[in-house]
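Subject: Structure for your review

Dear colleague,

Please find below the structure I am passing on to you.

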Amino acid sequence: MDRKNFFDPAPPQFYAELMRENLAKTFALTDTQIFRRAPLPKSYTDFLGRKLFLFLLTLQGLAAFALITLGVILRKFRTARNVIGPRIRQEIARAGVALLPMFLFVALALGFLVIGQTISTLARVGATDYLGSTMVIVIVRELGPLLAAMLVLARVGTAHVIELGTARALGEVEALEALGIDPVHYLIVPRVIGMAVGVFALTVYLIIGALASGYLFAFLQDVPLTPGDYFRQLAGALGWLDFALLALKTIAFGFFIAIVTCYHGLAQPLRLEDVSRVAVRAVSQGVIVCVLIDALFIVLYLMT
Amino acid sequence: MNETENNAMVEMHNVSVGTMRDISFVVLEDVNWTVAPGEFWTVAGQQHSGKSDFLMLTAGLMAPVDGDCKLFGTDTRIFGEAKLAERLHVGFVFAGGQLFNQLTIRENVALPLQYHRDLTSGAAAPEVQTLLELLELTPLADLAPPDISDNWRQRAALARALLLKPKLLLLDNPLAGLGTRHRHWWLRFLDQLWRGHDWCGGRPMTIAVTTDDLRPWRSPNRKFALLRDKKFSPLGPWNEVESANDPVIKELLAEPMETTI
């Protein structure tokens, strides 16, 4: 733990020791602050090197934070359920139920703008046989989950960073520690579970809404396709793997968006003026994480 | 090691204290301090003398940079979850209260009880209500912390710290910014806790406070210490504090400057 500078490798027990102490500084990014507060680099290579180190340090911090959160979820599954249970329900409501009206609008827009046009174009060129597989690839596998994740990141993820950053800046995290309450268990676990459940549920809702409104749009354009044929096309193109991977992918989106936003909220700001800057950084990293997870699942789809 | 040290609530040997923001930045060095059960300590210091960091280290909220610090005989370097029982014997009142702004005053006070005993809010309510009434907080119980004055916020923070009936109560500059009526209430109530309040079953409570104004803490039964120039110096009883020639002590005993426009 006693590192002279950043280039000394952190001993393997670094995070484990800090977690055992159960202190707020566990995730303090002192090393990244060194890079962020350093004067402007003199050359492009310095600039690139600094960016690379920042990237690696952030990756290390995020991975440690994700593992610690997973550990706390498993280890404290039965701890303080009367306190954590309502907080999880509150977070599910915030990252799920509260977003339903917005998702209804987005589902209608997606259906009218994208699916309806696709159906009518396919019908015009006589390629309605490909309708099912096109819808599954575009909506079920790609657009639905990714769009749901981005919207939840924008609506709820930013709120996480600001809430946690403010709580950290106002000393509420230290207050939790003084009360013997694990900040990860009380602040992070409900948000992570709430967001994972929320993104999964909202994606299903978005996909169903978009497919239904898309057909409605096509129907209004007199596309010669009965609802039965449309449903059969979709059902024929969907396999069990699509359902399994959709669930896995959306839960992964929710989990990692929550990890990135909570990590930046809890780890960085000790001053109120840092909170907005960190919120911007957390959202951009959240988008990158979502795209990387999406790419990983594309590889999985191609392998199966 | 004598008997007092064996039963000591707090023991510090050659401790160096860092800050919460940067633990490697030392604000106090070579601190040697022992708090025996039933003692009432007032640790005075000017602004930025390290009072808050010193108290946070005492509570086990951060590890010492150097030296040994023990709470109830347990090394605070490893004062984590395995030592939760010991941690819950310490009540801590932050300067400014540091209540959770998303919760009401009632929820703030109830949180430690609900969390550690896994109680619903209904099950915790009777005990919480008793404490709220004792601290005259009932009319404000359903308001959020930003909606009440600093005086009452600080009192709510005391309620939160007292709910689990700690053996050791640490208060960081509790009288700062309070009105005269509230200051008198605090001094009277802390004295009652120290002598043994009904809330804690009549058991005398060990108390340590930090302050930047020594005058309200005048009492022959209390122990005093001074933080200055990175050093912790025990001052002895009140009569020795009052007769000291030290300019810093004189400043901590001085009347606040009157300002006229």
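This is a predicted model: local features need pLDDT of at least 70, side-chain atom pairs count only at pLDDT 80 or more; totals for chains, interfaces and linings use all residues.

Chain B as a whole

Chain B has nine helices and ten strands. Its radius of gyration is 18 Å, close to the 18 Å that the globule rule gives for 261 residues, so chain B is as compact as a globular protein of that length. Along the principal axes, the C-alpha atoms of chain B occupy a box of roughly 55 × 55 × 35 Å. Of the 261 residues in chain B, 39% are buried. Among the contacts in chain B with a separation of 6 or more, 66% are between residues 24 or more positions apart.

A sheet in chain B

Chain B contains an open sheet of four strands, in the order β2-β1-β4-β5, with antiparallel pairing. The edges are held by β2 (28-35) and β5 (74-75) of chain B; each has a single partner strand, so one side of each has no neighbour in the sheet. Strand β4 (residues 66-71) of chain B is joined to β5(B) by two bridges, and these strands run antiparallel. L71(B) has T74(B) in β5(B) as its bridge partner. Helix α2 (residues 51-58) of chain B packs on this sheet and touches β1 (10-17), β2 and β4 of chain B. The direction of α2(B) makes about 130° with that of β1(B).

A helix in chain A

In chain A, helix α11 (residues 275-303) comprises 29 residues. From its first C-alpha to its last, α11(A) reaches 42 Å, close to the 42 Å expected at 1.5 Å a residue. The buried residues of α11(A) include V275(A), V278(A), A279(A), A282(A), C290(A), I293(A) and F297(A). An α-helix has 3.6 residues a turn, so residues three or four places apart point the same way. The partners against which the buried residues of α11(A) pack are α6 (131-169) and α10 (240-267) of chain A.

Contacts between the chains

How many residues of chain A are in contact with chain B? There are 21, and they are in contact with 25 residues of chain B. On the side of chain A that touches chain B, the elements giving two or more residues are α1 (14-21), α4 (81-95) and α7 (172-178) of chain A. The most is given by α7(A), with five residues. By type, the residues on this side of chain A are nine nonpolar, four polar and eight charged.

Yours sincerely

Terms used:
Residues are numbered from 1 along each chain as its sequence is written. Chains are lettered from A and ligands numbered from 1 in the order in which they are written. The radius of gyration is taken over C-alpha atoms; the globule rule is 2.2 Å times the number of residues to the power 0.38. A residue is buried if 20 or more other C-beta atoms lie within 10 Å of its own, exposed if 12 or fewer, and partly exposed in between; C-beta atoms are placed from the backbone. Two residues are in contact if their C-beta atoms, placed from the backbone, lie within 7 Å. Two strands pair if DSSP finds at least two bridges between them. Axes are lines fitted to C-alpha atoms, for helices over the stretch in contact, and angles run from 0 to 180 degrees between N-to-C directions. The expected span of a helix is 1.5 Å times one less than its number of residues. Ala, Val, Leu, Ile, Met, Phe, Trp, Tyr, Cys and Pro count as nonpolar, Asp, Glu, Lys and Arg as charged, and the others, Gly among them, as polar.
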